[in-house]
Amino acid sequence: MFKRIEPALANRLEVAFRLPGGRVRQAVGEHTAVISTDGGVELSWWHGDRKLKAVPAAVRREHPDEVKRLRELAKQTLQQQATLIRALEAGYSGETAPPYRQLEGHLVTDRLIWEFEVSPGVWRGELGLTVPDVPVRLWHPARVSLEEVRAWREVVQGKELRQPYKQAFREVYLLTPAEEATGTYSNRFAGHVVDYRRLRALFKERGWTSDFLGQWDGGYEGDAQRVMAGGRWRVTLDHGLYDEGYAVTGQVRFHRPTEGRWHQAPLTEVPALVFSEAMRDVDLFVAVASITADPRWADHGPDRLQDYWRTGSFAALPPSVEVRRDALSRLIGRTAIADRCTMTDRFLVVRGDLRTYKIHLGSANILMEPNDAYLCVVSGRDPHAGLFLPFEEDGRLALILSKAFLLANDTAITDPSITRQLRA
């Protein structure tokens with residue numbers, strides 16, 4: 001993949017993340033516009049040391065062209081950032097390392113973990129491109145020991161380091177005995193009911209292609225595809241329409257090109273990082289698009305899917321949620337509600353004054369002890385609870401924390417939609 005896009009990539013690496021210190025400032029009348037790239041791209045407006053909630057009226061009135069130009073610059077920076085991140089992540093599945101040295105001097109390098117071949121076959125991890133004149137590749141948790149993974153997570157958490165993408169806390173997907181037994185397909189993420197339009201949006205975001213299923217286009221069954229490793233591998237996800245607006249996921253398969261055509265390959269022959277990165281995408285599709293992610297489903301969803309929603313909302317955790325569990329266990333101990341929280345295999349258990357609550361680490365849905373009654377809470381207060389979050393790919397980590405803070409002080413809840421459930 002990188003060989004095919006290398007000229008374009010080189011240009012993008014040259015222009016992306018060149019904002020000095022991750023920020024660019026522009027005086028506009030009596031105010032200052034700031035575009036920052038640390039932890040995302042944000043255009044903010046300041047009056048002295050005070051950050052404003054919106055573009056000042058005087059600036060909008062007297063400098064409309066400058067406001068438009070700055071918004072366009074922020075948009076371009078965001079697009080460059082997204083392109084660079086996709087290219088960096090795609091590099092994991094390639095056989096040869098992309099031209100990472102072109103990133104030297106960029107802000108992005110200081111927030112990523114790199115591996116350097118300090119002697120033949122011996123790689124050492126460092127934060128930033130700090131070792132010159134030796135082969136370099138991006139660090140991936142699948143290549144190192146669990147002890148090293150834990151150590152790097154401590155570094156990222158301790159330094160409150162917002163990485164450009166999920167690296168230290170990245171999930172790893174290993175081939176299971178069940179998948180070895182099937183030979184050529186994986187059922188690991190099969191049978192999930194998902195919001196179809198949300199699934200389609202995720203396909204596009206992660207570089208997958210698929211026909212639009214339905215009566216007028218691709219029929220009622222099809223597959224989504226992503227080409228990986230510079231065109232040497234392709235992954236497909238079978239899926240079909242379950243009902244209007246919903247789809248059900250199917251098998252994951254891998255193919256490689258032979259004599260100009262794609263041929264299905266045994267899972268045991270798929271390179272470990274190709275398999276892991278592909279399954280990570282599919283896990284993301286299911287986690288974000290699943291109907292179990294909707295806390296109000298019990299009120300408005302079709303009756304025939306109620307049992308699926310109930311079971312899936314509190315099911316065992318996939319690898320993506322195990323990573324979230326690890327991050328939460330590190331964060332909760334630093335909060336004011338630490339003595340009210342305990343972690344189980346799949347729940348964050350929060351002790352309130354009225355009830356005890358079990359927040360599922362996957363769906364963020366809540367059960368109340370002692371009878372596991374369902375509690376519908378759409379969102380909590382203070383989405384970040386004043387904490388640094390090492391990653392936030394789908395918003396679920398912040399949502400779980402906000403619900404924990406809300407429920408730990410349940411006697412202060414005034415929302416009637418919640419208090420009615422507490423008293424029931």
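Trainee: Among contacts in the protein chain between residues at least 6 apart in sequence, what share joins residues at least 24 apart?

Mentor: This is a predicted model, in which local features need pLDDT of at least 70 and side-chain atom pairs pLDDT 80 or more, while totals for chains, interfaces and linings use all residues. Residues are numbered from 1 along each chain as its sequence is written, and side-chain values use heavy atoms, leaving out hydrogens and water. A contact means heavy atoms within 4.5 Å. Of the contacts between residues at least 6 apart, those joining residues at least 24 apart make up 58%.

Trainee: How many helices and strands does the protein chain have?

Mentor: Both are DSSP runs numbered from the N terminus, helices being H or I of at least four residues and strands E of at least two. In the protein chain the count is 13 helices and 18 strands.

Trainee: Is S36 buried or exposed?

Mentor: S36 lies in strand β2, residues 31–36. Buried means under 20% relative accessible area, exposed over 50%, and partly exposed in between, with a 1.4 Å probe and protein chains only. The relative accessible area of S36 is 6%, so S36 is buried.

Trainee: How are α5 and α11 oriented to each other?

Mentor: Helix α5 (residues 146–158) and helix α11 (residues 319–332) have axes 12 Å apart, at an angle of about 55°. Axes are lines fitted to C-alpha atoms over the stretch in contact, with angles from 0 to 180 degrees between N-to-C directions. Under 35 degrees is roughly parallel, over 145 roughly antiparallel, 65 to 115 roughly perpendicular, and the rest oblique. The pair α5 and α11 is therefore oblique.

Trainee: Which residues of α11 make the contact with α5?

Mentor: On the α5 side, the contact is made by R150, R153, E154 and Q157. On the α11 side, the residues are V323, D326, R330 and L331.

Trainee: How many nonpolar residues are in the contact of α11 with α12?

Mentor: The axes of α11 and helix α12 (residues 396–408) come within 11 Å and cross at roughly 40°. The contact is made by R324, L328, L331 and I332 of α11 and R396, L397, I400 and L401 of α12. Ala, Val, Leu, Ile, Met, Phe, Trp, Tyr, Cys and Pro count as nonpolar, Asp, Glu, Lys and Arg as charged, and the others, Gly among them, as polar. By class, two residues are charged, none is polar, and the nonpolar ones number six.
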